[in-house]
Structure formats: C-alpha cells, structure tokens
Amino acid sequence: MLINVKNLVKRYGDLIALDHFNLEVQEGEILGLLGPNGSGKTTAINCILSLLKYDKGTIELYDQPMTPDAYDIKRNIGVVMQNVAIFDELTVYENIDYFCGLYISDKHTRKKLVAEAIAFVGLGDFKKFSPKKLSGGLLRRLNIACGIAHKPKLIILDEPTVAVDPQSRNNILEGIMELNRQGATIIYTTHYMEEVEQICSRIAIMDKGKIIAMGTNEELKQMIKSGEHINLELLNPEHLELSEITALPHIISAELTDHQLVVKSGRGKNTLIAILDYLKGRNITIGKIYSEPPTLNDVFLEITGKALRD
Amino acid sequence: MFLFNYRYRLKCIFKDRQLMFWTFLFPILLATLFNLAFANITSSDNFIKVNVAVVQNEALDQNPAFTQAITGADDLFVVQNTTRAEADALLQDNQIDGIITFDPDLNMVVNQSGLNQTIIRGFLDDYVQSNATIVTVVTENPGSLENGILNGISSRSEYLTAVSASQSAPDPIVNYFYALIAMTCLYGGFLGVKEVVAIQADLSAVGARINLAPTNKLTVFISSMLAATSVQMLELMILLTFISGVLGISFGDQFGYIALTCLLGSLTGVTFGACLAAVIKKGEGIKIGILIASTMTMSFLAGMMSTDIKYLVMTKVPILGYLNPANLITDSFYALYYYNTHTQFFTDILLLCGFTLLFSTITYFVLRRQKYASL
Ligand SMILES: Nc1ncnc2c1ncn2[C@@H]1O[C@H](COP(=O)(O)OP(=O)(O)OP(=O)(O)O)[C@@H](O)[C@H]1O
Ligand SMILES: [Mg+2]
C-alpha cells in the first residue's frame, strides 16, 4: 500500500479539522479528494506529508511510518501546494531549478528535468521571466512545475488549477493523466467535481474532516437514490399540476420555473415515458427535452443534505 | 546541497531591492549625510586633543611609568605639568578638560561630562593596576556624574603594562561613523529574518516546499545564514571603503581587527534577525518593525545621534553598554582607535561572540522542531 492513514485526528484549538480520517491509496491510481472549502483536504495532505502535527492516528507511506526526516520516502514525493510557493527574486527557470535541486543534485540530470517540466506546463516562452510579471494562471503553472520537476512517483496536487483558464486547465489535466500513465500515483485535491470526474480513477468525498463516501465515479453515483435529471420545456405549462407529476412512480421531485420543468427521478425504468404520457394526456406541448445523469453534487447532497458548492 | 543553496540564496538576496536599499544604500547615504553635516564643524587639521593638567608632586615622581605613558600619548593628550592651584584655575577657565593627580591614589578631576572626559577616563582605566583605584572628583556639579564613573573605574581591573595611544589622532566625528557601522552590522538582521522566513513552513509557502524536500534543514539553514553573512560582509567592506576612501574618515591602521569587528557584528546582526523571526510568531511586517525599532534603539544608545548618550550609558548604567551589541561594536572600534591595547577590544569581540551564540542557539531550538502546529 502506498499510503495508509488510520484514524487521523487534527485539531486547531477547538476546531476539529480532521475527525478520524482514514485513507488508503494504491500504487498507480489517480485518487480524487473532493470536498467543499474548509472540509480538511489541505490539512489532511499536510499531515500526510509530515508538515503538520496531529493529535491522533497513524500515517504510513510505502509501509513505513512517515516522519519529517524519512528522506527515502520524501524523495519519491512531489507536491503542488494550494498556495503558490515560489521565490519572487528568481526567474521561472531558476525557481524550477532550485526546487528540483533539493531532490536532484546532478547538474545534467537536473537540466534535462527542468526543461521537461517547463515544456510540461508550457512556460517555454517565459523561462527568463520574473514571477512578478506572470499572470495568475501562469504562476499556477510555475507552481506545478516546481512541484513535479524531479519526476516523483507520488504526486500530490492541492487545487492546482485554481485561476487557470479552461484551455490550460485541460492541458494540465491531460498532463496529469500522462504522468499517471508513466507510472506516477496521483492524489488530486479539488472542489471541482468536473475535474475529478474527468481524471480520477477513484474518488473520496470529504466533509467536516471525514471521508463520507469513496469509490469510482460510477460506484458513487450508484450509491444514491437519484437517477437522472429530466429537463422539459413546456409551451403551455398552465395545464400542469406538479403534484400529479410527483405522484408518478420513481419521481423524487419536480420543479417548474417559467416554461422549464425539471424532474428528478429515482432509479427506475420508463420514468420518461410515464412523464411524457402524462403530459400528452394533459395536452401540454413539449419543446426541448434532455436528461442529465446524476452528478457528484447529487451524491454529496444526498449524503450531507447540502450542496457541494453554495 | 550546501553550495547549491548558498548560490541561490545569494541571488535571492541581491535581487531583493528593498533589502539591498536598507542594508547597503541607506548606510552609504547616511554616511554621506553625516559627512555633509560635520563638514562645517571640523576640518581635518582641527582634530580635538584632550588638554590635561598633571599635578606636579612627590607621588607623581614616584610613578615615572605614568609620566612615561601619558607623554607617550602625545597625539592624544596635551599635557601640562602644573601645581594644583594652577590646575584648578585652568579647569575653572575651561582651558583644560581635566586634572590628573596622584594623591597618592590616581585622581581625576573634571567639571563636566563629555567625550574628552571619557577619553581621560578611558586612558586612566587602561593604566590602572589591579590594586589601584582612581578617585574622580567633580568640581562644579558633582551630581552630573554621580558614582557612575567611579564604579566603572574601580570595578574594572585591567592590568596593563604598556599604554600608549595609537598613531592616529582622535576625532569625535569618527564616533558617529562607528555607530553608523554598528547599525549597518545589525541591519544584517533583515537578512536573518529573510532567511528564516524562507525555510520555515509556517512562515512562508516556499518554506513548506523546503520542508518537504529530502534535505537536512539545518544544512540548508546554515548555508543560507552563511550567504546572508557574506552579503553583509561585502556591504560593510564597501561601506568602510566608502567612508575612508571617499569621505576621508580615517579608521586607524588596524584593518584586520576592523574586519574582525565587522564580521562579528554582522554575525550578531544576522543571527539576531534570525532569532527574532523564529521566536516572534507574527507577520513579517511586525518582525521587521521590531527589528528596526530595536536596532535603532541600540544604535542610539551607542551614540549614533549624540556621543553624549554613549557617555551617559557608560557612566550611569555600564551594564547596558555590555548588553548592547551596537555599543560593543562601537566600543571595539573605539578601543582600536584610541588605545594600542587590545584588552577592551577582545572583551567586546568575546561578548559579540556570546550574543551570536545565544541568538543561534535559540534559533536552532525553534527550527529544530520539524512539524508545525499550524501552517
Ligand atoms: N492554521 C489554521 N488555524 C486554524 N484553523 C485552521 C488553520 N488551517 C485550517 N484551519 C481550519 O481547518 C479546517 C480545514 O481547513 P483546510 O484548509 O484543510 O480545508 P480545505 O478542505 O483544504 O479547504 P479549501 O478547499 O478552502 O482549501 C477549516 O475549517 C479551516 O478553517
Ligand atoms: Mg485547501
């Protein structure tokens, strides 16, 4: 097992940031750690990395207890922190070289690795730039390069794509999957469910310092009652009686705003046909119809009773 | 690792414009300002000499060593041998700065406090043998000196065989520059703060990155501190060259000792800043604020704004002088410049070493904690 965390408890004064947090990470996977702001993702990562003291629990990496001077373990880890961690006084190139140099002392190897990291995040045109002159998104990319230049086997990324434009974000996500294909295990922390859905082989959903659900994207969605969201555009909704819709089998809720009817259905067959039959019987004309599969937000909503993003 | 980090730290320090301004340009500007301000007060041939009257009596005749010493210091003192009555009259008229008389103990009579009186005291101080005492009599307003000068003298029992002033003539203006150099040494604290902030995970994001790396933090820290001290030394050497070469202020001819003082002063400054940064768990702004306030206070007490302050501290609360690194730095320059003996000098240097050790130890114990309660 690559990472094994058991019953981790971390308090900041009276606040319990991690409340018996358990996590197992297998080699080769991309694990998504998904949770709203303040759920304890960063705290968990910092404890695992032995940066933070914790009150209770055990943390093992590569089947060895993780400590601040477990250099053999640390050598294999690359971290992209939530806060941009670079020196303003150094150029883009120098920053990557410095942080890579903390792991790799051979000059030639380092030169090659730094060049690869620069290509990876697409900062080739900015090598000699001072970080002060980079935009927020470019800075984030530099932050990523500094964390992964030494080609670590385990890469931990804490919300690396905040403030990065969609185009570059996709490039970064693609890059992360490529690193994974090359053999790196990835822990990816975010509060964007789209990102974890896109790249993660396994997802852990966190809330209030605990992991409340864990599994593949499909497994998580299987766990909950709600199936799809059916959206119907009604041209003459005056004739509609909402209570009659919710009375249909497998319907969880129905909502009408203007001409838009949104029906949340449970897992059952022929739900859409039943709705269409009802609308036909009422002589309601239908414009567009589309249906969405359940999202991780639904999973979160159903377990915690609140939305992932407010 | 050591050299790798050292080189990058040098780069980071040199590229930090604000830091370079305060630790490098600012002292040079201040030196230039001092020079402009003093240009009217003293011209180079108007070096102050200390006028003393030595009372001619039997006891003096029994101490030929003293006569030899004081006449040997002829570029420091203008000596007149007079009777006691004549001496009193001269002192009354402010023709002389003080009277030295054997009675049969060594007596120092002054009627005011100031730099020249300090010089006399310092001279006697160094002359005094372990069993001798100096009695100081203040003629006009005895309250102004109280017992400070007495305590200072009798508590120190330096045993010196040969006392003679160094080659250079004393110039009170030089004291301001000494204090300025002391301040510059202590401004090394800015560098110390910078280096500690850069490697502490709870003080900066880059610090967290360094803590994640498979490198010994102490190695990184020592290499960083060395980089800071190197920059500091370079800056001080340029400042010294500027003051002596461009402004024409002489520091005497003992360059090695002066460099040693600067080195120890820088180390004290850098470790002071590091200690401050490690201990005070507040923002970087507050750390810098405290650093500036304490450095300025120390420089002020060491006589950067007025030499009288230094004298006052020396006479009223001598212990404060020993606890003030800035004062130790000016004192060691002072010792080099005014006396040929190195007793006082090495006392100061040793005390500076002590401060460096103290600050480093405290910093080490804070840095040694490898995990943080909060980031
Ligand atoms: N240094 C600290 N001192 C006190 N409380 C803290 C500290 N750091 C974090 N917390 C608290 O601990 C809880 C977990 O914070 P953490 O940063 O781990 O959340 P997160 O899941 O990473 O959130 P985000 O998505 O905003 O990054 C929060 O309630 C936060 O307010
Ligand atoms: Mg976070």
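Chain A has 310 residues, and 53% of them are buried. Before going further, note that this is a predicted model. The secondary structure of chain A comes to 11 helices and 14 strands. Taken along the principal axes, the box filled by the C-alpha atoms of chain A is roughly 75 × 45 × 35 Å. On contacts within chain A, take those with a sequence separation of 6 or more: 67% of them are between residues 24 or more positions apart.

Helix α3 of chain A, residues 92–101, packs with helix α1 of chain B, residues 2–14. The angle is about 150° and the axes are 11 Å apart. Angles over 145 degrees count as roughly antiparallel, and that is how α3(A) runs relative to α1(B). The crossing of these two helices, α3(A) and α1(B), is left-handed. Which residues meet there? From α3(A) they are E94(A), D97(A), Y98(A) and G101(A), and from α1(B) they are F4(B), N5(B), Y8(B) and K11(B). Sorted by class, the contact of α3(A) with α1(B) holds 3 nonpolar, 2 polar and 3 charged residues.

The next pair of helices lies in chain B. Helix α12, residues 255–279, and helix α17, residues 343–368, have axes that come within 8 Å and cross at roughly 25°. The cut-off for roughly parallel is an angle under 35 degrees, and α12(B) and α17(B) are therefore roughly parallel to each other. Their crossing, α12(B) with α17(B), is left-handed. As for composition, the contact of α12(B) with α17(B) has 19 nonpolar residues, 7 polar ones and no charged ones.

On to salt bridges. How many does a search of the whole structure find? The count over all chains is 18. I'll take three of these pairs in chain A and then a network.

Next is K112(A) with E116(A), whose closest N and O atoms are 4.0 Å apart. For anyone applying a cut-off, a salt bridge here requires the nitrogen within 4 Å of a carboxyl oxygen. Both residues are in helix α4 of chain A, and being 4 residues apart, K112(A) and E116(A) are separated by about one helical turn. K112(A) counts as exposed, with 53% relative accessibility, while E116(A) is partly exposed, with a relative accessible area of 31%.

Then there is R282(A) with E244(A), the closest N and O atoms being 3.1 Å apart. R282(A) is in the loop between α10 (271–281) and β14 (286–292), and E244(A) is in helix α9, residues 242–246, so this pair in chain A ties together parts that are 38 residues apart in sequence. R282(A) is partly exposed at 32% relative accessibility, and E244(A) is partly exposed with a relative accessible area of 29%. The network is elsewhere: E89(A), D16(B) and K194(B) are joined into one by salt bridges that share partners.

Last topic, the backbone. Most residues other than glycine have a negative phi. Phi of H20(A) is near 50°, a positive value in a residue other than glycine. H20(A) belongs to strand β2, residues 15–25 of chain A, and its 33% relative accessibility counts as partly exposed. The other is S50(A), again not a glycine, with a positive phi near 65°. Where does S50(A) lie? S50(A) is in the loop between α1 (41–48) and β4 (56–61) of chain A. At 4% relative accessibility, S50(A) counts as buried.

That's what I have; over to you for discussion.

Conventions. Residues are numbered from 1 along each chain as its sequence is written. Chains are lettered from A and ligands numbered from 1 in the order in which they are written. This is a predicted model: local features need pLDDT of at least 70, side-chain atom pairs count only at pLDDT 80 or more; totals for chains, interfaces and linings use all residues. Side-chain values use heavy atoms; hydrogens and water are left out. Axes are lines fitted to C-alpha atoms, for helices over the stretch in contact, and angles run from 0 to 180 degrees between N-to-C directions. Angles under 35 degrees count as roughly parallel, over 145 as roughly antiparallel, 65 to 115 as roughly perpendicular and the rest as oblique. A crossing is left-handed if the near helix is turned anticlockwise from the far one by less than a right angle, and right-handed if clockwise. Contact means heavy atoms within 4.5 Å. Ala, Val, Leu, Ile, Met, Phe, Trp, Tyr, Cys and Pro count as nonpolar, Asp, Glu, Lys and Arg as charged, and the others, Gly among them, as polar. A salt bridge is a side-chain nitrogen of Lys or Arg within 4 Å of a carboxyl oxygen of Asp or Glu. Buried means under 20% relative accessible area, exposed over 50%, partly exposed in between (1.4 Å probe, protein chains only).
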